[in-house]
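Visitor: Hi, could you walk me through this one? I'd like to ask a few quick questions as we look.

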Amino acid sequence: MLKLPLNSPNLTNVVGMSLFNPTGQISHAVSLPSCVALTPGRGGLERLLIDAPAGYAEIYLFGAHITSWVPRGGKEVLFTSSRAVFNGQKAIRGGIPLCLPWFGVGALHQAPPAHGWARNSVWQLRSVVTTDEGGVRVTLSLEKNGFYALYEVTVGEKLELNLSLRNVQSEPVVGELTFHTYLRLYDLTATDLSGLAGGEYIDNEPGATRAKQEHELKVAGSCDRIFTTGEAGNVVRVRDSGNRRTIVVTKHDAPNTVVWNPGPRGAAEFSDMAPDEWVQFLCVEPGRIRENAAKLEPGESFSISMTLSVE
Ligand SMILES: O=P(O)(O)OC[C@H]1O[C@@H](O)[C@H](O)[C@@H](O)[C@@H]1O
């Protein structure tokens, strides 16, 4: 295993060389802009540090997992648990895990692992380029178990994500995708949501029946709802009053939005979350899952996208 020191001059502008990550795989040789470094992060896991004029972010190659995004002049938008485990095996608790190629137990009950294997896999870094808006665009890929996933992350004043999944096997398959986004909040119990009223949801538990969300959703404890939204639900606004901001989640080609928080009792059962941390986040998870899962013939693909912005 090759350990790279944080200050190594070779970590920026890496051209034509291969870096090893702690799981033994070789990262793709890519050229990095000067505002980007590929460094060992927590647990020695390879991580892209992006400090562009328009925004800051950290992306682990393990899970293609974004653990931090700070738009320039703003505050951290993503919650990452103080007890998150960075061992290259367990999914990182917080940030934006990708649920792929299934969500939860899967539309066809494919689990384990819960939420698919992408968040526990090391992704390949394909390219890192600057954007005209002062940001950085990162492309990552993962080919595994007959699927090919391509993930484009644009870090700037907004965080723009585009994720696609292709069937590269000879049989038809079913695929699901979700951005399992942990939004950092000053106080969940004082947070207002808008955009989900009028949508239909099902509680994420066996035997649950479908219901209509009559009023705007207020989450003050445990919540685990899978929404199917129309156009109106493409923009969900999360008013984080303690931080004097509204986080706006805009999605495309993603008919579902999962809203999840474990509440105090649920949080106490997680070894990778402090008991009092449940009030510091809300998961708003755009995706295409369950009855909307994509049926993919060989060679077919589908994609979902999400933009986070702050007002
Ligand atoms: O602990 P995990 O596998 O990261 O899942 C956390 C939660 O993820 C949410 O997306 C699900 O709706 C919840 O049911 C689940 O508990």
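Visitor: Let's start in a strand: which residue stands opposite Val238 in strand 18?

Guide: Val238 stands opposite Ile247 in strand 18. Strands here are DSSP runs of E with at least two residues, numbered from the N terminus. Before we go on, this is a predicted model, where local features need pLDDT of at least 70, side-chain atom pairs count only at pLDDT 80 or more, and totals for chains, interfaces and linings use all residues. Residues are numbered from 1 along each chain as its sequence is written, and side-chain values use heavy atoms, with hydrogens and water left out.

Visitor: Thanks! How many bridges join strand 17 to strand 18?

Guide: Strand 17 (residues 235–240) and strand 18 are joined by 6 bridges and run antiparallel. Two strands count as paired if DSSP finds at least two bridges between them.

Visitor: And which strands make up the open sheet, in what order?

Guide: The order is 6-7-8-9-22-18-17-13, which makes 8 strands with antiparallel pairing. Strand 6 (124–130) and strand 13 (192–194) are at the edges with a single partner strand each, so one side of each has no neighbour in the sheet. On average, neighbouring strands of this sheet are turned by 15° against each other, direction ignored. That angle compares axes, which are lines fitted to C-alpha atoms (for helices over the stretch in contact), with angles running from 0 to 180 degrees between N-to-C directions.

Visitor: What does strand 22 pair with?

Guide: Strand 9 (residues 159–167) pairs with strand 22 in the antiparallel sense over 8 bridges, and Leu161 stands opposite Met306 there. Strand 18 (residues 245–252) is joined to strand 22 by 6 bridges, also antiparallel, with Thr250 opposite Thr307.

Visitor: Why is strand 22 called largely enclosed?

Guide: Because 7 of the 10 residues of strand 22 (residues 301–310) are buried. Buried means under 20% relative accessible area, exposed is over 50%, and partly exposed lies in between (1.4 Å probe, protein chains only).

Visitor: Is Ser309 buried or exposed?

Guide: Ser309, in strand 22, is buried, at 14% relative accessibility. Leaving aside neighbours within four places in sequence, Ser309 is in contact (heavy atoms within 4.5 Å) with Trp69, Lys158, Thr246, Ile247 and Val248.

Visitor: New topic: which residues does UniProt list for "active site"?

Guide: The unreviewed UniProt entry lists His180 and Glu285. They are spread over 106 residues of sequence, yet they cluster in space, with a largest C-alpha distance of 4.7 Å. Both His180 and Glu285 belong to the lining of the largest pocket. UniProt positions follow the numbering used here, feature names are shortened, and annotations may be inferred rather than shown by experiment.

Visitor: Where does His180 lie, and what does it touch?

Guide: His180 lies in the loop between strand 11 (177–179) and strand 12 (181–184), and is buried, with a relative accessible area of 5%. Not counting residues up to four places away in sequence, His180 touches several residues, including His115, Trp260, Cys283 and Glu285.

Visitor: And where is Glu285 found?

Guide: Glu285 is found in strand 20 (residues 281–288) and is buried, with a relative accessible area of 1%.

Technical notes: 1 Å grid on protein atoms, 1.4 Å probe; cavity = no way out; pocket = protein on both sides within 12 Å on 5 of 7 lines; lining within 4 Å. Helix = DSSP H or I, 4+ residues; strand = E, 2+ residues; numbered from the N terminus.
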